[in-house]
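Here is a short briefing on a structure with its sequence. Look it over first, then read on.

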Amino acid sequence: MVSGSDMYRQQILDHYRNPRNYGEISNPTYTHVGENTSCGDEITVDVQLADDGETIEDVAFRGEGCAISQAAASLLTDEVRGMTLGDLYELDRDDVLDLLGVEVTPMRIKCAVLIEKVLQDGAKIYEGEIELDTTSTE
Amino acid sequence: MEARESAALDVQRFREDFPILERTVGEDVPLVYFDNAATTQTPEPVVDAIVDYYHRYNANVHRGIHQLSQEASEAYEAAHDRLAGFVGADGREEMVFTKNTTESENLVAYAWGLNELGPGDAIVLTEMEHHSSFVTWQQIGKRTGAEVRFIQVDDDGRLDMEHAAEIVDDDVEMVSAVHVSNVLGTVNPMRDLADLAHDHDALIFGDGAQAVPNRPVDVKALDVDFYAFSGHKMCGPTGIGGLYGREEILRDMEPFLYGGDMIEKVSFEETRWNELPWKYEAGTPLVEQGIALAVAADYLDDIGLDRIRRHEFELSQYAMERLAEFDDVDVYGPPLGAERSGVLAFNAEGIHAHDMSTILNDHGVAIRAGDHCTQPLHDVMGEAASARASFYLYNTRDEVDTLIEGIEHAREIFA
């Protein structure tokens, strides 16, 4: 049985209080919104691709939510800068959980993976692979 | 003082009827169950009634001549009389069993709303409606062209009755209002709303999901036309709820679901409906749940609904006094001293409700975190989510102290 309180280590709380890449990018290549309807978590991401059309040059997010969703957004946006969209699609939930570095309780996994889904869905919409208004992890 | 002492004694006795309250969660921490507005625990007599049905007289109702079917039918029908009596209805003709409050809302919305409403008509709801009523009437409005209006909620979590008087006009055909808010704990003036609706020849639907479990309800005194409740929030099983409807309205209204049991005579050309309330209960019904719900009603009546109301109020007041120790915790709804149910929604500054719930779970405390099926109300509150502790007849002040310790712990982590 995972103790929930153990999730709130210093790194998580630091990224929650002082999120990296928080804000917006002017004229991003794509913008996408995702939400956890059951939690009320909402995240919007802006992604700027390099001239090669596939490398993530800059990324920003904004929104509100629980410590887990916000810390994951802060950590993952740092991680994907410099990645190609191909690399981005390769990411799975274990990558996000590794970045968080704590054992996430089952009920909170959807909070942790929201940012990953939003980044990936936004890229797929940009590339014309899917049609979607809002990403939801609920 | 004497009342409080006897209530405290009773709580320990009642707790013995709920074995689940003895369990632990996580690393052997005693459970503190404060998610009663979502669902209440089930006392042994209710569980026994379900088992007894399957052990002794499991049979389909209204179909068999054989003895088992007769026994099941009689028990199931008597359960309607019991629940009718429980909420003050005149008899089984006015008590339809449904799946839950949501289905009760939908029954009236489909069977009455779709047939009676059109462009130029209006439906009035409150800003504190549960999605069960909010979404249902919103969609009926879209399908019929009827306008949907909302009575505003003031800063103390009460309905603005002046605003209500402004928006309930002669265009209004239906007023649907939650009796007790599942977030704010507010007890709405149901009778005043009914009078207002009737002054304009509108019908009134009361959502009693958070009222029937914890206070005496008399649909005749409230003068409502419809009134709904859920079994699993009042010590009954899941999958069963009730709809009170005024007999003359139920008689005239179209059926909701078609099928077996709701018919009297079927021919190739046409069908005649069964008598009330069976006209609204198509197909094999929720037999053992209905029977067990009647036992839940007995259980609550034996304790006394007014004592449950008082117990919930005292616990909520105690919790509010304790929460007032924290200057960074906001509690929503009516202020200390004002009438409210045992529902307490709160937020601690800088701590998301889900993080709060995760940490409280380590203390054994089960609360709800999120929007509690009231997203529009949370928009009015200016919060995406809230934490909600909700008390019931088996909860104690010691358990409230555990909640407070858990909140202190969360504040330390996020300090």
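Where is the place of B:D201 in chain B? B:D201 sits in the loop between helix 7 (190–199) and strand 8 (203–207) of chain B. Helices (H or I, at least four residues) and strands (E, at least two) are DSSP runs, numbered from the N terminus.

This is a predicted model: local features need pLDDT of at least 70, side-chain atom pairs count only at pLDDT 80 or more, and totals for chains, interfaces and linings use all residues. Residues are numbered from 1 along each chain as its sequence is written, while chains are lettered from A and ligands numbered from 1 in the order in which they are written.

**Backbone details in chain B**

- B:D201 has a positive phi of about 55°, although it is not a glycine.
- B:D201 counts as exposed because it has 9 C-beta neighbours inside 10 Å. A residue is buried if 20 or more other C-beta atoms lie within 10 Å of its own, exposed if 12 or fewer, and partly exposed in between; C-beta atoms are placed from the backbone.
- B:D261 also is not a glycine and has a positive phi, of about 75°.
- The loop between helix 9 (247–252) and strand 11 (263–266) of chain B holds B:D261.
- B:D261 is partly exposed, with 16 other C-beta atoms within 10 Å.
- B:L276 and B:P277 are joined by a cis peptide bond, with omega about 0°.
- B:P277 lies in the loop between strand 12 (271–273) and helix 10 (287–303) of chain B.

**A buried glutamate in chain B**

- B:E173 belongs to strand 7 (residues 172–178) of chain B.
- B:E173 is buried, with 22 other C-beta atoms within 10 Å.
- Neighbours within four places in sequence aside, B:E173 is in contact with B:E116, B:L117, B:D121, B:A122, B:I123, B:A202 and B:L203. Two residues are in contact if their C-beta atoms, placed from the backbone, lie within 7 Å.
- From B:E173 to B:V331 is 158 residues in sequence and 35 Å in space, C-alpha to C-alpha.

**Chain B overall**

- Chain B has 14 helices and 17 strands.
- The radius of gyration of chain B is 22 Å, close to the 22 Å that the globule rule gives for 415 residues, so chain B is as compact as a globular protein of that length. The radius is taken over C-alpha atoms, and the rule is 2.2 Å times the number of residues to the power 0.38.
- Along the principal axes, the C-alpha atoms of chain B fill a box of roughly 75 × 55 × 35 Å.
- Of the 415 residues in chain B, 52% are buried.

**Domains of chain B**

- Chain B divides into domain 1 (2–40 + 304–414) and domain 2 (47–301). These bounds come from an automatic or database domain assignment.
- The centres of the two domains of chain B, taken over C-alpha atoms, are 28 Å apart.
- Contacts link 28 residues of domain 1 of chain B with 26 residues of domain 2 of chain B.
- On the domain 1 side, helix 11 (305–323) of chain B supplies at least two residues, as do strand 14 (343–348), helix 13 (375–381) and strand 17 (386–390).
- Helix 11 of chain B gives the largest share of that side, six residues.

**Chain A**

- Chain A has five helices and four strands.
- From the N terminus on, the elements of chain A run α-β-β-β-α-α-α-α-β.
- Of the 138 residues of chain A, 43% count as buried.
- In chain A, the axes of helix 1 (residues 10–17) and helix 2 (residues 67–80) come within 8 Å and cross at roughly 85°. Axes are lines fitted to C-alpha atoms, for helices over the stretch in contact, and angles run from 0 to 180 degrees between N-to-C directions.
- Helix 1 of chain A and helix 2 of chain A are therefore roughly perpendicular. Angles under 35 degrees count as roughly parallel, over 145 as roughly antiparallel, 65 to 115 as roughly perpendicular and the rest as oblique.
- A:I12, A:L13, A:H15 and A:Y16 of helix 1 meet A:A67, A:Q70, A:A71, A:S74 and A:L75 of helix 2.

**Where the chains meet**

- The contact takes 17 residues from chain A and 15 residues from chain B.
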